[in-house]
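Me: I have a structure open here and would like a close look at one part of it. Could you walk me through a single spot and what surrounds it?

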Amino acid sequence: MKANKRSMTLLLPALVLYLITFTAPLVVLLVLSFGRFDKSITTLGFHLDGYIKFFEPTYLRVFFDTFFISVYITFFCLILSFPVAILMRRVQPFMKNIILFCVISPLLTSIIVRNSAWMLVLGNQGIINQFADYIGLNDVLRDMGLISRFAGLPLMNNVFGVVLGTVHVYLPFMVLPIYASLSAINPSIEESARNLGASSMQLFRNITWPLSLPGVIAGCTLVFILSMGLYVTPVIMGGNKVVTIPMIITGLVRDRYNWPTASAFSVMLLITILFTVYVSRLLQRSVKV
Amino acid sequence: MLFIVNALIFIFIFAPLVIVVIQSFTNENHMGFPPESYGVRWYAYVMTDDDWQNSFMNSLIVASIVAPLSMIIGGMAALGLDRSDFRGKQAVFSYLIAPMVLPHIVLGMALFRIGLFLDTSEGFTLNATDSLWFYVVAHTTITIPYAIITIGASLQTLDRNLEEAAQILGASYFKTIFFITIPLIKSGLIGAFIFSFIISFDEFIVTYFLATFNQTLPIQIYSTLMFQLEPSIASISTLMLALTALLTLVLMSRGQLVSFGKIIK
């Protein structure tokens, strides 16, 4: 019993730190979100100005843009992750480690570095456009009026660029949970299905996919949540053409010092995320028969 | 078929990084692929330029303090969670790893607010925003969850009999921790250290709120990037890639990459 108490005191440094750097800031944010911003001055109180602003058509639209971009990102991560996870399960342990290294090491690479890399590939002077110019594709498209005279293929500075850049960043967050669920499947189930004459398609639809659902749900939740809060990739890859909620929040704070509105938007973002986690829990429960 | 699809996916993952590395050795004034001539001129530039040097040093200092701090605080918390049993333990665990799922933009602006408060408060004026110590505090909060999970995973594989044996032979609680437990979870501790270092070194959005003049490397890259796509970005990116790749290899040799998988699960 005494050891138990001693061990509990080990939690103290972390809890004290969190109180100051995690809980307090969030409480401050919550309080600020009910403040009022008038002539560059913030007054506290219980006002719903910021929340009402969130539901103005302009901002609601940005919210749904952010939402759907996150859905696209999640969807494409899912499609790209499955083949990798399936391969990881099939190969020898040594190969598996190599794949694991390949999947995880980019995750430890700065987002900024990876996004600037994509600028080199997708930009107007990027590799793909240089190639398209070289083979004359861009001239043909310009003659047809499909792209403007000075631009190349529209590969970034739009939703496509943002989705692609983010998928590249968050792919590992999808691969790992799916792989974890796949590796929990008993291989003899698949073997018997095969012996009973199931085709590859049937095997995937009736065995692999349903049994991998816990991992799929976990991965989708994670990628979706992370995408909703991402700032840097939409700015770099979207080039002013894509606006997301985190960009609005950052602009309000850094350029206009409008804390109440920015805080209210943050609270709405957090509510969306908590709701996503709640839905994901319900889904997890329903697949865990 | 599966192999071809996977090959394409891995090309997707690595091609941009390879291109950055090649681009970084350009001798030209502008980005352009493939470069017309090669050289290390942009490496020389980023290594001698004051702005790049300062931001690199800032990042290095911050990450070097964050890594041990997060390892120690996170390690204590992981040990505390592993060894104690109380009501609401699961809730405490969820609370301690919450900064991982909280959008960092929200945490960043909230910490910025606290920093502004510290800057201007009467009586105990501390320069918080734009100072390295506040970056350290912020990054430590972000990295502790990773440390807790990594060290927690290695505590779970620990053979508790060894600790019991030491205690039966008369070792005190703290002696057991220092001479038995810590050496046995060394890999987990190293893992936590390296993860924290990398995450702090790469951290962007929280620092972006806090920084005005005292920039870290990711912020310096970002502001250069927004101004123009200069080859210096490719060179500095390659240096960062090399550093992370090296640290990742250390992690792999310690078998800690698997525990990163656990973080995500």
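Reply: A quick definition before we start: a residue is called buried when its relative accessible area is under 20%. Also keep in mind that this is a predicted model.

Let's take A:P234, which sits in helix α12 of chain A, the stretch covering residues 232–238. Its relative accessibility is 4%, so A:P234 counts as buried. What does A:P234 contact, leaving aside its neighbours within four places in sequence? Those contacts are A:V162, A:G239, A:V242, A:T244 and A:M247. There's also a pairing across the sequence to look at: A:P234 and A:N158 are 76 residues apart along the chain, yet their C-alpha atoms are 8.8 Å apart in space.

One of those contacts, A:V162, leads us on to helix α9 of chain A, which spans residues 159–183. Helix α9 packs with helix α4 (residues 57–90) of chain A, and their axes are 6 Å apart at an angle of about 45°. That angle is why α4(A) is described as oblique to α9(A). As for handedness, α4(A) passes α9(A) in a right-handed crossing. If you sort the residues of that α4(A)–α9(A) contact by class, you get 23 nonpolar, 4 polar and 1 charged.

Key
Residues numbered from 1 in each chain as written. Chains lettered and ligands numbered in written order. Predicted model: local features only at pLDDT ≥ 70, side-chain atom pairs only at ≥ 80, totals over all residues. Heavy atoms only, no water. Axes fitted to C-alpha atoms, helices over the stretch in contact; angles between N-to-C directions. Helix = DSSP H or I, 4+ residues; strand = E, 2+ residues; numbered from the N terminus. Parallel < 35°, antiparallel > 145°, perpendicular 65-115°, else oblique. Left-handed = near helix turned anticlockwise from the far one by under 90°. Nonpolar A, V, L, I, M, F, W, Y, C, P; charged D, E, K, R; others polar. Buried < 20%, exposed > 50% of the residue type's maximum accessible area, 1.4 Å probe, protein only. Contact = heavy atoms within 4.5 Å.
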